[in-house]
Amino acid sequence: KLHSDLDKGVGTVKYTLSGDGAGTVFTIDETTGDIHAIRSLDREEKPFYTLRAQAVDVDTKKPLEPESEFIIKVQDINDNEPKFLDGPYVASVPEMSPVGAYVLQVKATDADDPTYGNSARVVYSILQGQPYFSIDPKTGVIRTALPNMDREVKEQYQVLIQAKDMGGQLGGLAGTTTVNITLTDVNDNPPRFPKSIFHLKVPESSHVGSAIGRIRAVDPDFGKNAEIEYNIVPGDGGNLFDIATDENTQEGVIKLKKPLDFETKKAYTFKVEASNLHLDHRFHSVGPFKDTATVKINVLDMDEPPVFSKPVYTMEVYEDTPVGTIIGAVTAQDLDAGSSSVRYLIDRKNDVDSYFTIDATEGTIATNELLDRESTAQYNFSIIASKVSNPLLTSKVNVIINVLDVNEFPPEISVPYETSVCENAKPGQVIQIITAADKDLSPAGQRFSFKLSSEASNKPNFTVHDYRNNTAGIETRRNGYSRRQQELYFLPVVIEDSSYPVQSSTNTLTIRVCRCDSDGTIQSCNVEAIFLPVGLSTGALIAILLCIVILLVIVVLYVALRRQKKKDTLMTSKEDIRDNVIHYDDEGGGEEDTQAFDIGALRNPKVIEENKIRRDIKPDTLRFPRHKPAAEDNTDIRDFINQRLQENDVDPSAPPYDSLATYAYEGNGSVAESLSSIDSLTTEADQDYDYLSDWGPRFKILADMFGEESYNPDKVT
């Protein structure tokens, strides 16, 4: 209520109100000054309003007092319930956690005034989820309330939390939220086999490395806590089998490490241990986290192919052994209970040429062809054995036959030697070291001996010195040799091997006599060198050859220059009129175009015009009269041309080109007829050149020159 001391209660004072909410939220009685709220107020929307009031005279409308300002504060009431702004919540806690383990903290917000009364004081409580979890009434922290909660028993929990204002007293407003709590897994359970004995049946034909069975231990844990490792406990049969874990199913896959044989052993028994890979030290007291089961494997008898006594057979035979000679045998047996006989055959994929045969019943191998060690030293082929009772069951074995050498080839000089001896050689000088080779292959290695043949032993020229290491040296036996007397010597050398029977051969060495310097360096071995002058040195010979080469080069250059000069003289002469005609490739202006070359040589001097005005360009001002060539002039030109043509036709030395072949007028057979005035019967003044305008743009210049205007003699000065 507003009241002015000047208000006497007689209605002379009027009260006015302005500011926040004036007229919309608040109104004032103009006579009494009472202020009323015209709608409900919400503190959470606007907690206070600032207003201005004034008392004015009703008659003069003038203020009776200065304007005054006042504040209207909205008092709070508990009209808002607590709200969980982040709900619903999701939380997790490890299983087997102790009592009081922290899970989650929730928070509720009350929009009421926390400074006035208990409208905003919130208290938390659990409506659903006991006795597993508890909550702190003031902080909203949720903790476990029971020990050893097991995920394998129950994994998911839904807890209903309530927040109530007014300190939880009666009449307070409340809000709720849901907390979904999951128990996470820990490794608190060891793996367990569902049964103590596993029985497996395995065919004896199973391949090594193949899976022959699966066993499984159960672990109720989850994820990596449920990963299991399987191991075979050392014992009976454990070395024949192996076990590995299937990562997808956590099963133990038993695999075969060695082949099984029903006839050798029909059953195997061993133990398998399953254990966790990731252990939790907190649960060691529960017991060992592993379990053991027994695996019994029964081997099933299968109809198997024959088995050879050896994995590979190696045999030896001498070359040239007679056909049909037995060189060895292979043996295969049927190890099944009902033993069957075996048949043998050679796999012809390896023995295409059928060098060997085999007895189908006994398995003996014999030669079928004569063998040559130098052609093929070793044969490798396969023998197939099959059961008579079941020919489809076969086995295969490799047979290696080494062909032994028989000494049938004599040794020979390994490479052809080019041996030379100096004219000034001394006795006992070694001029060549020779070696030998033998196509035969001796198991003890090659041993060769060297000597001169009997007919060469008596000659005093050369000798052979055997070094006893499969090499020999050729030595001189006299002092000096002469090329003039004998240029070549042929030395027969006998080479023997040490095998049985002994083989030998005579090899002839060619020794050339050469001229050497005092140090023994060969200077010349050519036959032509014998006939050269004795006093002429090598440097002099080189100088003579160099002079000859220089003279030849000078002669070649001189001939080439003469030919080039003759060619240039013939082709580049500017005085020859024929050369002008050959090189004239510009479009001319007709017979009066004298700028390219002088056509006067083709004309009769009587008819040469005095005024030589160019006709290939348009005249500036003057137009000269056109003269008709005399009829007799045409005859002179034709006679001149025909005379020159006849002279060139009968001249055998004339070149193939002829400048006079370019005529100054069109032939008689031309459709366009002649463009020249040589054959015209009328004067140029009588010609009508207007038709040139109809021939197109290429004849535009001609049309302008000849058809633009007629000759006017008054214009001539």
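Biologist: In β19, which residue is the bridge partner of Phe270?
Modeller: The model is predicted, so local features need pLDDT of at least 70 and side-chain atom pairs pLDDT 80 or more, while totals for chains, interfaces and linings use all residues. Residues are numbered from 1 along each chain as its sequence is written, and side-chain values use heavy atoms, leaving out hydrogens and water. Strands here are DSSP runs of E with at least two residues, numbered from the N terminus. In β19, Phe270 has as its bridge partner Val295.

Biologist: How do strands β18 and β19 run, parallel or antiparallel?
Modeller: Strands of a sheet pair through backbone hydrogen bonds, in one of two directions, parallel or antiparallel. Two strands count as paired if DSSP finds at least two bridges between them. Nine bridges join β18 (residues 267-276) to β19 (residues 290-300), and the two strands run antiparallel.

Biologist: What is the geometry of the pair Tyr132 and Tyr157, stacked, edge-to-face or tilted?
Modeller: Tyr132 lies in the loop between β8 (123-128) and β9 (133-135) and Tyr157 in strand β11 (residues 156-164), so the pair ties together parts 25 residues apart in sequence. The ring centres are 4.9 Å apart and the planes stand at 55 degrees, so the pair is tilted.

Biologist: Is Tyr157 buried or exposed?
Modeller: Buried means under 20% relative accessible area, exposed over 50%, and partly exposed in between (1.4 Å probe, protein chains only). Tyr132, at 30%, counts as partly exposed. Tyr157 has a relative accessible area of 8%, so this residue is buried.

Biologist: Which class does the pair Phe462 and Tyr489 fall in?
Modeller: Phe462 is in strand β33 (residues 462-466) and Tyr489 in strand β35 (residues 488-497), 27 residues apart. Phe462 is buried at 3%, and Tyr489 is buried at 6%. The centres are 5.5 Å apart and the planes at 75 degrees, so the pair is edge-to-face.

Biologist: The charged end of Lys266 sits over which ring?
Modeller: A charge sits over a ring if NZ of Lys or CZ of Arg is within 6 Å of the ring centre and within 35 degrees of the ring normal. For Lys266 the distance to the centre is 4.8 Å, and the ring is that of Phe262.

Methods: Phe/Tyr/Trp six-rings, centres within 6.5 Å; stacked < 30°, edge-to-face > 60°. Helix = DSSP H or I, 4+ residues; strand = E, 2+ residues; numbered from the N terminus.
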